[in-house]
Amino acid sequence: MPEIALPGRRSAGAAGAPERDRPAAIRRLVRGAPTDPAWSRPALIGVAGLAGVLMIWGLTVSGYANTYYAAAGQAASQSWRAMFTNAADLSGYVSLDKGPLPDWVIGISGRIFGFSSLSMLLPEAICGVASVVILHDLVRRTLGHRAAIVAAGLLALTPVTVLVSRYNNPDALLAVLMVAAVWAIVRALETDRLRYLVATAVLVGLAFNTKMLEAYLVVPALAVTLLVAGRGNLRRRIGRGAVAGVVLGVVSFAWYATMMLIPSADRPYVGDSTDNSWFGLIFGQNGLSRVSGQAGGRGFGGGGLGGLRGGGGFAGSAGPLRLFDTQIAGQIAWLLPLAAVGLAHGLWARRKAPRTDLARAAYVVLGVWALTGWAVLSFSQGTFHAYYTSAIAPPVAGLAAAGVVAMAADARRRLGAAALLAASVGLTGWLGFTVLGDAPGFVPWLRWVVLGAGVAAGLAVLAVHLRRPRIRRAGVVAVLAAAIAVLGGPSAYAIATLGRGQSGSDPTAGPLTTGRGQAGAGPLGFALSGGGRGGGFGALFGRREALPGVPAARGSAGFGRGGPGLGGGAADPQLVKYLESHRDGAEYLVAATGSQVAGPIQLASGAPVITMGGFMGADPAPTVAALAGLVREGKLHYVLLGGGFGPGARGGGGGFAGADFSGGGGGLSGGAGGGSVSSARQAWVNTHCQTVDYTGASSSAGPRGMSLYSCTASDA
């Protein structure tokens, strides 16, 4: 007689089902779907593990890294108001000059785990690993398992991806949101479900709340792919695209619009803006000015790769070969030619496929994304950093992987494919040889190995096609040699990044190149290079030294609290000790000019610090009246002037070791009245406050030309 299941009671069979399903679920997690190749899921786990090692090992070696974002994250971990308004510090006078989402992520992590170097940087590392896994899945769905695992491996070993995943600039979060948006459009094409298209728009909108218009580098790729490969007639595709566009606009601008509805007196001044407007910052200083160079600073220098690349400043000359510049090539250039060949080969091979073909759609979305990013990054005249190239690392890795796998599959039966693959791998080996030459002290023998492997791989590929009986195991030789030619350079740069303690707003992956200084040989020939000590394999096996002024992170593999922040150099311990012992109940420990000075003090002391003038010290907040009011109310006793950027930094103040950001409103993106306000602040402090000899020396000027002033209520 069958058992009758009473209400509220599960039968024995039903109760036992979950237990029987658990082993199957675990097997599926480890082995993948039954239709997957047996090697696919274990290989993905291995690549994800490699990415985790590269992005998490010794994670706190840079301490608080960029103290501009670190100080804001610390404030967000302590104050919901500071978090919601994207304030640069607890005082809330000036905001960050980027979207709020990265600050929210750091702030929430700090609230959960306690604010530290690790709690700040671990979300960045998780974003990096997630980018690798998501890229694998979108390539697997469109181009197959082999291309997917190669793409994931290439992205995990791309130096700039490793760099941003170990640093607190917003770029790791930006990259994972862009990859996720492309994955969502692939799912929308695959399932024809509107919810995936809406998810695409939401993810790009969140990316916009991370780094503003840079997030829209992926939008042309998404739009073109939907129009080219979406299901249904053109009218239906356009209609769905319009729905996604509305969602994108709402998610992108909701927070910024909310901020603009708040009276300016009740929210932070928009950092680095000329008009205290988030929209002015989005479309001006952080938007068109970055492309045109108008009122936003100019790119620096030029350089040359075999006569084609430039040397000089950190940005390289604008032009089609900018990404091969000495300062940029080691971050991203290794796979660019291979990606270009992969795109051309893939589009040609799928030229007769149906319009909705997913493989061709993958080439379209990755190709347009990469080309749009290349064009904007290469020809922008404004402020440019090498790590911006992390925004195109995923499509470059995907296209390079697709090209290698597709050409290898055709190489046995088609001479053209074999010749193209041989030439592509050989060119990649030559490029690796050239880029490694930019750091002559960095594993000097590796560049010759990479070049030789490129030549050997090309010859082996041709031997495989010709099927010469005297050449045994040519296929194995081709695979191993190609792996060395393609991965040797970027792998070395990625590993070297692990041991480099860096600070400030312009971090770079790998060793120091000839444009920044030369790398010194370290363990096994790998460099002890960059902004800190203990690079290369030495760092991989835990050999690491602290940066000057920063205690070594405690705990195995760097899992501990980092030392004081380094955005503008470590805070002077003597100054911090003096301020703490003479605070006398004031709400704020000190008011200091610019985040490069204020941030390290806040991070070293844990006390609220006022960042006068925002990042570069020239924003018109706090005003003189506000500063005087704080002193009268006993909330502030000390003001620190000096230690600013060089001339032209929004007000023409002194150099790095010089004076306050005072002077006119000229220079980089000079704010409306910013220079006059910073001059007035300095004048008020000079008139109403007294210099303090906190160093014990005869002069009151401390390190970097900074001067500490004591301000009393009676004087204000």
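**Figure 1. Cys689 and Cys711 are both buried in this predicted model.** The two cysteines form a disulfide, with their sulfur atoms 2.0 Å apart. Cys689 sits in the loop between α25 (674-688) and β4 (690-692). Cys711 sits in the segment after β5. The pair links distant parts of the chain, 22 residues apart. The link is right-handed, with 105° about the S-S bond. A search of the whole structure finds one disulfide.

**Figure 2. Strand β3 (residues 638-641) is covered on both faces.** Tyr638 and Leu640 are buried on one side. Val639 and Leu641 are buried on the other. Strand β3 has pairing partners in β1 and β5. Strand β1 (residues 590-593) pairs with β3 in the parallel sense, over two bridges. Here Ala592 stands opposite Leu640. Strand β5 (residues 707-710) pairs with β3 in the antiparallel sense, over four bridges. In that pairing, Val639 stands opposite Tyr709.

**Figure 3. Arg166 is buried yet has no salt bridge.** The residue lies in the loop between α8 (159-164) and α9 (171-191). Where is the nearest side chain of opposite charge? That side chain belongs to Glu124, and it is 12 Å away. The backbone oxygen of Gly58 lies 3.1 Å from a polar atom of the Arg166 side chain. Residues touching Arg166, beyond four places away in sequence, include Leu54, Met55, Ile56, Leu59 and Val61. Leu121, Thr497 and Leu498 are also among them.

**Figure 4. Leu248 is in helix α12 (residues 234-261).** Is Leu248 buried or exposed? Leu248 counts as buried because its relative accessibility is 15%, and the cut-off for buried is under 20%. Leaving aside neighbours within four places in sequence, Leu248 is in contact with Ala201, Val204, Gly205, Tyr216 and Val219. Phe208 is 40 residues from Leu248 in sequence. In space, the two are 9.2 Å apart, C-alpha to C-alpha.

**Figure 5. A cis peptide bond joins Ala621 and Pro622.** Omega is about -5° at this bond. Pro622 is in the loop between β2 (609-612) and α24 (624-632). Most peptide bonds are trans.

**Figure 6. Asn86 has a positive phi although it is not a glycine.** The angle is about 65°. Most residues other than glycine have a negative phi. Asn86 lies in the loop between α4 (80-85) and α5 (101-113). Its relative accessibility is 0%, so Asn86 counts as buried.

**Figure 7. Met212 also has a positive phi, and it is not a glycine.** Here the angle is about 55°. Where does Met212 lie? Met212 is in the loop between α10 (194-211) and α11 (219-229). At 1% relative accessibility, Met212 counts as buried.

Notes. Residues numbered from 1 in each chain as written. Predicted model: local features only at pLDDT ≥ 70, side-chain atom pairs only at ≥ 80, totals over all residues. Heavy atoms only, no water. Buried < 20%, exposed > 50% of the residue type's maximum accessible area, 1.4 Å probe, protein only. Lys, Arg positive; Asp, Glu negative; His and termini not counted. Salt bridge = Lys/Arg side-chain N within 4 Å of Asp/Glu carboxyl O. Polar contact = N/O pair within 3.5 Å; in protein donor to acceptor, adjacent residues only side chain to side chain. Contact = heavy atoms within 4.5 Å. Pairing = 2+ DSSP bridges. Disulfide = S-S within 2.5 Å.
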